[in-house]
Amino acid sequence: MIRKPFQWIVNRLPYSEPFLFVDEILKVNEKSAEGTYTFKPDAAFYEGHFKNNPVTPGVLLTECCAQIGLVSLGIYLLGEDRKIEDLKIGMSSSQMEFLLPVFPGERVRVTSELSYFRFHKLKCNVKMFNEEGKLVCKGTLAGMMGVHNE
Amino acid sequence: MLEEEKYNKLKDIIKIYLPEDVTVTDVEQNSHFMNDLNINSANLVDIVLDVEDAFDIRLENDDMDQMQTVNDAMAIIDTKLKSK
């Protein structure tokens, strides 16, 4: 089995099925993060988006970008010694552009560049690529992120 | 820098982040950012970052915690400018 050095970050994400949109964190450092997710072909939302024409909703592409690019990076920046039950987060702004559709079962890769993380506010520039390496969406996301008792 | 000049500079920053139901004429020296001006914590961080750039100072977490009102912000800016 291949070792996943950043699995501790995924384990600490405050999401679970059916709203976890991170499979693996590939790289992370003080200034950037990169991760992947495969949209499950049998996910319930495809039944309604759209009728007889399943396409991943943009709001979920944004969510995937936020979980990998913002929250996973933030958990890394807060440090491995923090306790997950102390984590409090909330998205504060999102500005996204969508360039290509993502169909059921597609694997995407999200990259994130830190803009700043100050006074508990984390802001990042994110990009999502499909398996062909083509840009699917990009934008700027920000959220408040910190631990209780701080 | 004159006090009035400082105050106007600060007000110009604050007005960018006011929610739609608050106007710049609602901003007074004793206005509380969150309670009176309805500015949320994420936008308050943006105000602090803009203040840092505008006055060429750097605020710390303690300053942020103390910055509840427009007057608090003025006092912090004064202190930082004096210690430059």
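Two residues are in contact here if their C-beta atoms, placed from the backbone, lie within 7 Å. Helices (H or I, at least four residues) and strands (E, at least two) are DSSP runs, numbered from the N terminus.

Next, the ground rules. This is a predicted model: local features need pLDDT of at least 70, side-chain atom pairs count only at pLDDT 80 or more, and totals for chains, interfaces and linings use all residues. Residues are numbered from 1 along each chain as its sequence is written, and chains are lettered from A and ligands numbered from 1 in the order in which they are written.

Start with chain B. In α1(B), Lys9(B), Leu10(B), Ile13(B) and Ile14(B) meet Ile47(B), Asp50(B), Val51(B) and Ala54(B) of α2(B). By class, that contact has six nonpolar, no polar and two charged residues. Here Ala, Val, Leu, Ile, Met, Phe, Trp, Tyr, Cys and Pro count as nonpolar, Asp, Glu, Lys and Arg as charged, and the others, Gly among them, as polar.

Now the geometry. Helix α1 (residues 3-16) and helix α2 (residues 41-55) of chain B pack at about 145°, with axes 10 Å apart. Axes are lines fitted to C-alpha atoms, for helices over the stretch in contact, and angles run from 0 to 180 degrees between N-to-C directions.

On to chain A. Its open sheet has six strands, in the order β1-β2-β4-β5-β6-β3, with antiparallel pairing. Strands pair if DSSP finds at least two bridges between them. β1 (24-28) and β3 of chain A stand at the edges with a single partner strand each, so one side of each has no neighbour in the sheet. Neighbouring strands are turned by 25° against each other on average, direction ignored.

Four bridges join β1(A) to β2 (residues 32-38) of chain A, and the two run antiparallel. Ile25(A) stands opposite Gly35(A) in β2(A).

What packs on the sheet? α2(A) does, touching β1, β2, β3, β4 (107-118), β5 (121-129) and β6 of chain A. Its direction makes about 50° with that of β4(A). α2(B) packs on the sheet too, touching β3, β4, β5 and β6 of chain A. The direction of α2(B) makes about 95° with that of β6(A).

Last, the interface. Chain A gives seven residues and chain B gives seven residues. On the side of chain A, β3 (87-98) and β6 (135-147) are the elements that give two or more. That side has three nonpolar, two polar and two charged residues.
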